[in-house]
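Thanks for making time this morning.

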Amino acid sequence: MRRPSNIAGVIEVEGLTQRYGSYTAVQDLSFLLGAGEVVGFLGPNGAGKTTTLRVLASALAPSSGTVRVGGHDVLREPVAAREVLGYLPERCPLYPELLVEEALDFIARIRGLDPCARREARGRVVDLCGLGEVLGRACGDLSKGFRQRVGIACALIHDPPVLLLDEPTSGLDPHQVREVRALVRALGEERTVLFSSHVLSDVEATCRRVLVLHQGRLIADDALESLERRVRGGAVRFRCAAFADEERARLETLPGVRALRAEPDGGWTVFPEEEVDDLPERLFRFAVAEGLLLTELAPARVTLEDVFLHLTRA
């Protein structure tokens with residue numbers, strides 16, 4: 001099944017606000033996803049991620065703002081928007097009594113595929129999602145990992161250029177998590193994927209760009225590396241073979257050093273004062289002057305957890 005050539009394969013959100021009565025779940029949200037991007041959608045529980053995905057999937061009408069999927073307005077052209085989009089909700093909606101092959105055929109028929117196209121589509125998603133060994137098993141008898149794979153296969157049955165995944169690794173064991181992450185990376189080679197999660201390691205392992213939602217507002221939209229640099233703020237990892245309290249005290253008073261943080265491996269994270277951009281050089285000269293054996297001098301390692309906590313702190 002060939003993808004229509006006029007499909008842009010992008011998500012455009014402009015000023016999206018979503019209210020439930022007097023409660024505002026999402027407020028003035030705007031972002032753009034280009035073709036072929038795998039983007040992490042981060043936020044604590046209750047941040048508005050699932051609400052946003054439901055609006056993108058045309059399952060919920062926006063209170064205000066404009067949302068387009070593949071160039072189609074989800075409010076004015078919901079059917080056309082759904083045709084270019086695959087959606088896996090957090091709770092995978094499978095009929096437990098259906099065999100896996102029956103579930104795939106059922107969704108393909110709902111998507112309007114003719115018998116020949118259904119066979120072709122089923123073979124494609126079975127191979128892509130690794131479902132060959134469970135085709136004859138009931139969905140209700142599958143492990144959580146295989147149920148997630150079947151759910152992704154159902155979302156892909158019509159070969160959409162846009163894919164929404166809401167917490168796809170929730171409840172999986174470590175081996176299943178690795179499998180789903182690998183599948184998401186493979187899917188991103190040909191599709192635009194918006195990957196919602198509150199599990200930071202999932203996003204770190206699959207995405208290069210992240211959107212961070214907090215209390216219904218977008219507080220960051222950037223490449224992961226850029227966010228890490230922002231949070232790192234020029235901090236440097238510094239470690240010597242022997243480092244006594246006397247050297248530490250002198251390092252604390254070194255011009256340009258704002259603070260030190262001891263690390264479990266015996267090294268230090270050194271934070272510079274504002275407008276200091278030559279901290280590595282200063283630390284190197286300090287080690288030479290003190291006669292220290294320098295074993296590490298590098299930009300501080302920053303995890304996605306550091307980024308997330310920095311962005312969402314009060």
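On disulfides, the count in this predicted model comes to 0. Cysteine 116 takes part in none, and the nearest cysteine sulfur to it, belonging to cysteine 154, is 20 Å away. Cysteine 129 is likewise in no disulfide, although here the sulfur of cysteine 154, again the nearest cysteine sulfur, lies 9.0 Å away.

Let me move to the domains. The protein chain is divided into domain 1, covering 11-222, and domain 2, covering 234-313, and the centres of the two, taken over C-alpha atoms, are separated by 42 Å. As for what joins them, 10 residues of domain 1 are in contact with 6 residues of domain 2.

How much area do domain 1 and domain 2 bury between them? The value is about 710 Å², of which 84% is on carbon and sulfur atoms. On the side of domain 1, the residues that lose the most area to domain 2 are Leu200, Glu204 and Ile219, and together they account for 52% of what that side buries.

For those of you thinking about electrostatics, there are 0 salt bridges between domain 1 and domain 2, and with both residues required to be at pLDDT 80 or more, the rule finds 0 residue pairs in polar contact across that interface.

Which elements supply the side of domain 1 that touches domain 2? Helix H7 (200-206), strand S9 (209-214) and strand S10 (217-223) each supply at least two residues, and H7 gives the most, with 3 residues. Sorted by type, the residues of this side are 7 nonpolar, 2 polar and 1 charged.

Finally, although salt bridges between the domains number 0, the structure as a whole holds 18 of them.

Terms used: Residues are numbered from 1 along each chain as its sequence is written. This is a predicted model: local features need pLDDT of at least 70, side-chain atom pairs count only at pLDDT 80 or more; totals for chains, interfaces and linings use all residues. Side-chain values use heavy atoms; hydrogens and water are left out. Domain bounds come from an automatic or database domain assignment. Contact means heavy atoms within 4.5 Å. Buried area is the accessible area (1.4 Å probe) that two parts lose on being put together, summed over both. A salt bridge is a side-chain nitrogen of Lys or Arg within 4 Å of a carboxyl oxygen of Asp or Glu. A polar contact is a pair of N or O atoms within 3.5 Å; within protein, one must be able to donate a hydrogen and the other to accept it, and residues adjacent in sequence count only if both atoms are side-chain atoms. Helices (H or I, at least four residues) and strands (E, at least two) are DSSP runs, numbered from the N terminus. Ala, Val, Leu, Ile, Met, Phe, Trp, Tyr, Cys and Pro count as nonpolar, Asp, Glu, Lys and Arg as charged, and the others, Gly among them, as polar. A disulfide is a pair of cysteine sulfur atoms within 2.5 Å.
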